[in-house]
Structures are given as C-alpha cells and as structure tokens.
Amino acid sequence: MSAVVALALLLGGGGFAAWKLDWFSGNGEAVTFGKNPPPAEGTSDAGSPSAEAKPSGDPDVLMPTGPRSDFKQTAKLDDGTIIAKTRVAGAKSGFEGDVWVWAPKQYDDPKYAKSGFPVLIALPGGNGFPNNYWADTSLGLQKAINEGVKAGTSLPYIVIMPVLNPDAKYYYDGSDIPGQAKMGTWIAEDVPAFAKANFRTYKSRDGWAFMGSSSGAFVGMKTVLQHPDKFKAVIASGGEIVPDSPLWKGHQAEMDANNPEKLAQKLIDTKGPEVYINFQIGTKESGKERMTKFQQQYGKGPIKTTIRDIQNGEHNGWHYVRGMKEGSLEWVSKVLKAPKPEAG
C-alpha cells in the first residue's frame, strides 16, 4: 500500500473523497491553453502573444492578442481536455465576473498551430450566477462536441462559458438596462474580447456563435440579432422570445431596443446580414408556440430559422445536449468556419 493511499485511509471517508476528487484531478492547478513554440533568439518569451506561431495565409485568422488570463482547472474530461476558470474584468461594461473555458484536443495539435478556431459562447438559464452550469461535465456539452468531431458532425469549438447575470436576485436579459450592470456589453463585447485575448480565433463573424438554454437562449438569440456583424448563429433551447426582466420598468424604449422581434424586423428591413437561429424544444415542455410564431413572422429574408423537437425532452440541459447531438451541432457547424490544419 502506497504512502498516499495509507494517508487517505487514515483521514477517513472525507479525506479519501478529497484525495479521489481533488488531489490527483488537478483541479485548482494553473492551466495554459495552447502549446506555444519556444521563442526564437532575440524575441519575447513563449508566454507572450508575439511568440505564437504565425497565422496561416488566411487573413481571417486572429492569433491571441493578450494579455493572457490566469486559468485554474475546474474539471478534466476523459480525453484529457480541461475546463478552467478565470476572472475577467470587462473593459467596456465595467462588470467583473467569472468565465469558464474549454478547448478541444485539436487546439493543441501542432497541425492547427496557425489556424483559428470557431467560438461557441454557452449561456446558462436560471440565475446564471455565480456559476455557469455548462461548465459541469455531467451535462455532457463538451463530450458531445468531442463525439461530433469524431463523427464529422461538429466543428471543434472553443467553448466560452461566462456568468450571465451579476447576482442571483434578478435576471438582466443580457442587456444594458439603465441604472444596472451592463450585461449586454459584457456578453457582446467583453466576453468575445477575452476569447480573442487568449485563443486563436477568427476576425469575422463566421467563427462566432452562441448556444443557450432558457434565459440564456433568449440572450444568445437577442445578441445575434442585435450584433449580426459580430455573430452568425445561435442554438436557442427552451427560451423566451421577448425581454421580461422586472428591471425594465420605466425604460420601454431601451427594452424595445433589446426585443428580438423588433431586432428581427429591423434586420429584415435592412436586408441582412444573414443570421441562423436553431430553436430546440422538448416535446414535454411548453413554449413551442412562441418559437413557431417567431418563425412564421420573422423567419424570412436574412433570418434563417429552424425548430428541432427533442422527443420526450424536458426543460433541462441534459435533454438540450441530446438535441445538439441529434442534429443541432451539425446544423450550426455547417454555417460556421472550420479550423484548417496544415498539410502534411
């Protein structure tokens, strides 16, 4: 019996659980995403963005701009990939919050060292604070992407999982409600800027999408419609269609500016650019009529919509991930830009 196991037994059940779950899991340890090449003589060290491999001939590739964030591991998947957390101070919103990230195995593959990767910003429902439940491996989001990559039905996404709200008391509709924390700017500006600072991404909207459930689905859809120059698609699962935060009271004009129905009509009137909305809804939950009505009224011109029924699905993340595996991941992957490995 090793000394480590003997110590765990001496500590009793609680000590053994800690040994099993944390001591050798690596949780809490520092994480670096991307295997940087050694710096050339006379250049800066490998930890700086300038030491990254030079991008491929694709002018759309954006190498990490820095500054790099400090990541701590929160979970490890069976394939060795890591979910990690960091604290982000939003330069534009003024809001500071936690963000979890996951990068697929391909991100560290030398063949992709000069390639950008598509980003999927995953938004939770409910309070969306202080945690983002998509960082919980039991829901299977990251595993579903891994399996989709192997099957050729999903791109290898970088998944960015920010907190959705600044507290657990209210929901903020992912918007800049007057007098409140600027959560619209946080989601649309600061979170993507953080991703660009730390990862190889794409400059164009072709590499950027959202997925979300419930209130997070609303925010993802609203943000795509509000910023079609920055984001191209969303998988919106079991979500609302119109803003309904109690904090909008007395701010009708600002609420209208964050209403997906009004944003969709504006996009139709201005003829683009095209955006893609994949609704998901469980057959055991309510809300499909809202999605169908939106599709009938606004699913035209530049707004491409589809509705996926999840058989026997309920209003929860496990069933929404199942819907993604059954087709929604493939759907969004067809409209976004894939990473490109070097030949050889």
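Mentor: Let's start with helix 4 and helix 6 (residues 260–269), whose axes come within 9 Å and cross at roughly 25°. This is a predicted model, where local features need pLDDT of at least 70, side-chain atom pairs count only at pLDDT 80 or more, and totals for chains, interfaces and linings use all residues. Residues are numbered from 1 along each chain as its sequence is written, and side-chain values use heavy atoms, with hydrogens and water left out.

Trainee: So are helix 4 and helix 6 roughly parallel or roughly antiparallel to each other?

Mentor: Roughly parallel, because angles under 35 degrees count as that and those over 145 as roughly antiparallel, with 65 to 115 being roughly perpendicular and the rest oblique.

Trainee: Which residues in helix 4 meet helix 6?

Mentor: Phe218, Met221, Lys222, Leu225 and Gln226 do, and they meet Pro260, Leu263, Ala264 and Leu267 in helix 6. Contact here means heavy atoms within 4.5 Å.

Trainee: New topic. How many residues of strand 9 are buried?

Mentor: Six of its six, over residues 208–213. Buried means under 20% relative accessible area, with exposed over 50% and partly exposed in between (1.4 Å probe, protein chains only).

Trainee: And which ones point which way from strand 9?

Mentor: Trp208, Phe210 and Gly212 go one way, while Ala209, Met211 and Ser213 go the other.

Trainee: Which residue is the bridge partner of Ala122 in strand 9?

Mentor: Met211. Strand 6 (residues 119–123) pairs with strand 9 in the parallel sense over five bridges; pairing takes at least two bridges found by DSSP.

Conventions: Helices (H or I, at least four residues) and strands (E, at least two) are DSSP runs, numbered from the N terminus. Axes are lines fitted to C-alpha atoms, for helices over the stretch in contact, and angles run from 0 to 180 degrees between N-to-C directions.
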